[in-house]
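Student: I'd like to learn how to read a protein model. Can we go through one together?

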Amino acid sequence: MRRLSIKTPAGQLDYRITRRNRVKKRMHMELDAAGELVIVAPGHWSERQVGRVLRQNVSRVERFLLRARARQVPALQYCDGEKHLFLGKSYPMVIKGCGHRRSGVEFAGGEFLVEMAKNNSVEVHELLKKWYKQQAQQVFAQRLQVISARTDWVGDRQPTLRLRRMKRTWGNCSISGEIKLNTHLIKAPLSVIDSVIAHELCHLVEMNHGKAFYALLENLNPAWKEDRKKLVSEGYQYLR
Ligand SMILES: [Zn+2]
C-alpha cells in the first residue's frame with residue numbers, strides 16, 4: 001500500500017488506502033499494527049476523492065487517531081515501579097506498603113509516592129486520578145491567567161475554567177465563554193498545555209477555525225504547530 005499524505009493546519013497527516021469490495025458507500029478509518037492510519041475506501045473511489053474527504057474532516061481524523069491509538073496500548077497496571085506521566089515526563093510510582101492510616105499521593109524526588117491502607121490497583125488508580133485532578137486544577141488555572149494576560153481581549157473577564165476527563169478532545173470553549181480542558185492534559189509538557197489554552201482563548205473571539213482564528217493564534221502562540229504535532233503524535237499516551 002502506497003503511503004499518502006495530506007496537509008493539515010499543523011503539518012501533515014500520513015495514511016494508506018486499502019479497498020474492500022464490501023465497502024460500498026463510505027470510507028472508514030482503521031489503525032494498522034504500527035498505529036498508522038489506514039483508510040478503507042469503496043472500490044471505485046479514487047485517491048483524490050479519499051484525499052478530499054480527509055481534508056474536509058481533519059479534526060475528526062485526529063480525534064479518531066487519538067482514541068484508537070489509546071486503545072491500542074496496553075492498559076496500565078498501577079503497580080509498584082510502573083512509570084506515569086506528569087508535565088511531559090515519566091516518573092516511577094512507589095507504593096508504600098499497607099497499614100498506612102492516610103491514603104494519598106505525594107510527588108517528591110522524581111517519584112510518585114503512594115500511601116494507602118490496602119494495596120490494590122483499583123485504589124492506586126483512584127488515588128492517582130484524584131492527585132492528577134488537583135494538579136490540573138492548580139496548573140491550568142495559573143496558566144490560564146498567564147496566557148489571558150497576553151491577549152488584548154480577555155481583560156478582567158477571566159473565563160470560567162472547567163476540567164473534565166475526555167477521551168477525544170483536549171479542550172473546548174462555549175459561546176458563553178466557558179473554557180473546558182481535558183484533565184489528562186496534566187500529563188503533557190507545559191508548552192502543550194499552554195498551547196491548548198491559547199487555542200481556546202482564541203475561540204472567545206473566533207468560534208470557527210478560519211483564517212482569522214489562525215492569525216489570532218499565530219500571534220498569541222507562534223509555537224502552536226509544534227505543540228499540536230506533539231498532541232497528535234503523543235497525545236494518546238496522556239489519555240490513559
Ligand atoms: Zn478549536
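Student: How far apart do the C-alpha centres of domain 1 and domain 2 lie?

Tutor: They lie 28 Å apart. Domain 1 covers 3-72 and domain 2 covers 83-239, with bounds from an automatic or database domain assignment. Residues are numbered from 1 along each chain as its sequence is written. This is a predicted model, where local features need pLDDT of at least 70, side-chain atom pairs count only at pLDDT 80 or more, and totals for chains, interfaces and linings use all residues.

Student: How many residues of domain 1 are in contact with domain 2?

Tutor: 10 residues of domain 1 are in contact with 11 residues of domain 2; contact means C-beta atoms, placed from the backbone, within 7 Å. On the domain 1 side, H2 gives the largest share, 7 residues. Helices (H or I, at least four residues) and strands (E, at least two) are DSSP runs, numbered from the N terminus.

Student: Which strands make up the open sheet, and in what order?

Tutor: First the general idea: strands of a sheet pair through backbone hydrogen bonds, either parallel or antiparallel. Here the order is E1-E2-E4-E3, with mixed pairing; a pair needs at least two DSSP bridges. E1 (3-8) and E3 (28-31) stand at the edges with a single partner strand each, so one side of each has no neighbour in the sheet. E3 and E4 (residues 37-42) run antiparallel, joined by 4 bridges, and His28 stands opposite Val40 in E4.

Student: What does H2 lie across?

Tutor: H2 lies across E1, E2, E3 and E4, at about 35° to E3. Such angles run from 0 to 180 degrees between N-to-C directions, using lines fitted to C-alpha atoms, for helices over the stretch in contact. H2 spans residues 58-72 and holds Phe64.

Student: Why does Phe64 count as partly exposed?

Tutor: Because Phe64 has 17 C-beta neighbours inside 10 Å. The rule is 20 or more other C-beta atoms within 10 Å for buried, 12 or fewer for exposed, and partly exposed in between, with C-beta atoms placed from the backbone. Phe64 is also 7.9 Å from Met29, C-alpha to C-alpha, though they are 35 residues apart in sequence.

Student: Which residues of H3 are buried?

Tutor: In general, an α-helix has 3.6 residues a turn, so residues three or four places apart point the same way. In H3, the buried ones include Tyr132, Ala136, Phe140 and Leu144. The buried residues of H3 pack against several elements, among them strand E6 (89-96) and helix H4 (190-203).

Key. Contact = placed C-beta atoms within 7 Å.
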